Structure formats: structure tokens, C-alpha cells
Amino acid sequence: MLHLTTGRVGCLLSKQAVVALTGSGARMSSHGHHEVSDSVDMSQPMYWDRLDTPLPDRPWKDVLDSTDKSLKQKEKGPWTALSKEEKIALYRLKFNHTYPEMKRPSHEWKTVIGGMFIFFGITGLVVFWQGHYVYPPQPPTFDEEWQAKQLQRMLDMRTNPIEGLSSQWDYKNKQWK
Amino acid sequence: MSLAKPAMRGLLGKRLRFHLPIAFALSLVAAAAFKYGVTEPRKQAYADFYKQYDTTKEFNNMRDAGVFESVRTTGE
């Protein structure tokens with residue numbers, strides 16, 4: 001059903017997000033709601049694996065075979081009668097991923113960082129091209145000589161003499177303190 | 001296995017009782033640090049500067065440097 005499409009869409013982006021959005025359609029599990037088209041029937045109760053909403057509308061496995069059914073019958077009795085494996089099997093009937101499985105780390109960060117750097121690079125090229133072809137000529141106020149004369153004038157008129165520029169200039173010896 | 005029932009109420013109050021005094025104290029520390037690290041030295045710097053500030057001398061220095069438009073440099 002959705003195996004190929006979601007696989008292809010999810011290969012670069014987070015598979016988790018795609019699967020969460022499309023429900024359990026891409027998974028190889030049995031479920032009773034058969035989607036004939038490539039979309040999820042949102043009018044039916046859905047299953048999801050979400051950290052922030054822990055209890056989905058329906059259990060993971062809807063279509064139970066005979067062993068599952070007998071286990072569910074046993075579940076109706078005292079739970080102390082269940083073995084550890086049975087309890088785990090019941091959990092796996094109800095849920096697809098455990099919280100640690102949901103939180104498992106992925107390699108997505110490499111894609112993110114790589115994409116970031118690619119766009120930085122493209123932007124750098126654009127900026128360089130812009131500096132060469134778009135910018136008007138630089139005003140004279142940026143020349144070295146002009147800047148030196150500007151600084152001398154600022155010192156002459158004693159700008160910020162207490163804590164700022166002129167306070168750092170030694171007027172007697174004509175150098176920076 | 002029976003676990004103890006976790007705290008169900010008063011969680012915000014507990015957090016505030018812990019964090020508010022600390023926040024208050026840290027704010028006071030920040031204000032005091034700024035006062036004694038920045039404003040008091042600045043006030044002192046201004047006081048010291050103006051203690052030996054000779055207005056006429058500075059004026060003449062500036063005038064000789066040629067930054068004024070209303071007063072010509074001495075000697076013209």
C-alpha cells in the first residue's frame with residue numbers, strides 16, 4: 001500500500017514525521033482498516049506513536065489471530081496469572097514502539113547540518129556575486145587616508161574624553177595609552 | 001510491586017517556594033554587581049576627570065587643532 005511512497009518521501013526527511021502523519025499505513029502490521037487508496041481514512045480511529053500523546057485511539061494490532069485472541073481472554077482475568085512474556089506480548093499488541101524506541105537517535109542531523117552548509121555556500125556565492133556586480137562604488141569616506149583624518153579630528157575635538165575614545169589617547173606623547 | 005503514590009498536587013507551589021527566593025536573591029546580586037561594578041566606577045571616573053579639568057586649556061587645545069568654526073586658531 002503505502003510502503004513505497006512513504007519510503008521514498010521519507011528517505012531524506014524524518015521518517016518518523018512521515019509515518020506519524022500517514023499513520024500505520026506503511027508498516028507491515030495487520031490492521032483491520034484497509035485503505036484502498038494511498039490516503040489514511042481520517043474518519044476512523046487512528047494509531048500513532050507520539051511522545052506527547054501517549055494513548056492512541058486504537059491499539060496497534062486490530063486484527064488478532066487465535067493466539068492473540070486467547071491472550072486477550074486471559075488478560076480479562078487476574079494479571080498476576082500472566083507471565084512476563086505474556087505481558088510483553090500484550091504490550092506489543094497495543095503499542096508499536098516503546099518510548100525508548102520512539103526516542104531512538106537517527107542520522108537526520110547530518111542531513112540537516114549538510115543542507116545548512118550547502119545553503120550557506122550558495123548564499124556566500126550570491127553575496128560575492130552581488131558585491132562584484134550590484135554594489136555601487138565605495139564612498140570616499142572608506143579610504144584609509146580619510147579614516148585617519150577622521151580619527152584625528154575626533155581626537156582633536158576630544159570626543160568621549162572621560163571613558164571613551166579620547167580617554168585612551170595620550171595627548172602629551174601623541175600615542176595610544 | 002507497589003510504589004509510593006507520587007505527589008499529585010501543589011507542584012507549582014513547591015516549585016515557586018524553591019525558585020522564587022533564589023530568583024529574588026540572584027536579581028539583587030545582579031543589581032548590586034552592576035551598581036558596584038559599573039555605575040560607581042563610572043561616577044568616580046567622571047568626578048576624577050572634572051577634578052583637574054581646565055576648561056580654558058582644553059578649549060585652546062581644541063581651537064589650535066582647528067575643530068571650531070566660530071573661533072579661529074590663535075595666531076591668525
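User: How many residue pairs are in polar contact between chain A and chain B?

Analyst: Bear in mind that this is a predicted model. Between chain A and chain B, two residue pairs are in polar contact, both at pLDDT 80 or more. On the side of chain A that touches chain B, three residues are nonpolar, none is polar and four are charged.

User: Okay, and how should I read salt bridges across that interface?

Analyst: The general idea: side chains of opposite charge can pair when their charged atoms come close. Here, the rule finds two salt bridges across the interface of chain A and chain B. In one salt bridge, the side chains of A:Arg158 and B:Glu58 meet at 3.0 Å, N to O.

User: What area is buried between the two chains?

Analyst: About 810 Å² is buried between chain A and chain B, and carbon and sulfur atoms give 63% of that. On chain A's side, A:Arg158, A:Ile162 and A:Glu163 supply 64% of the area the chain buries against chain B, more than any other three residues. As for contacts, seven residues of chain A touch ten residues of chain B.

User: Which residues form the nonpolar patch on the surface?

Analyst: That's A:Trp109, A:Val112, A:Ile113, A:Met116, A:Phe117 and A:Phe120, with about 630 Å² of accessible area together. To place A:Phe120, look at helix α6 (residues 108-133) of chain A.

Terms used
Residues numbered from 1 in each chain as written. Chains lettered and ligands numbered in written order. Predicted model: local features only at pLDDT ≥ 70, side-chain atom pairs only at ≥ 80, totals over all residues. Heavy atoms only, no water. Patch = residues over 30% accessible without salt bridge, like charges linked within 9 Å, V, L, I, M, F, W, Y side chains within 5 Å. Areas by Shrake-Rupley, 256 points an atom, 1.4 Å probe, with all protein chains shown as cover. Salt bridge = Lys/Arg side-chain N within 4 Å of Asp/Glu carboxyl O. Helix = DSSP H or I, 4+ residues; strand = E, 2+ residues; numbered from the N terminus. Contact = heavy atoms within 4.5 Å. Buried area = accessible area lost by both parts, 1.4 Å probe. Polar contact = N/O pair within 3.5 Å; in protein donor to acceptor, adjacent residues only side chain to side chain. Nonpolar A, V, L, I, M, F, W, Y, C, P; charged D, E, K, R; others polar.
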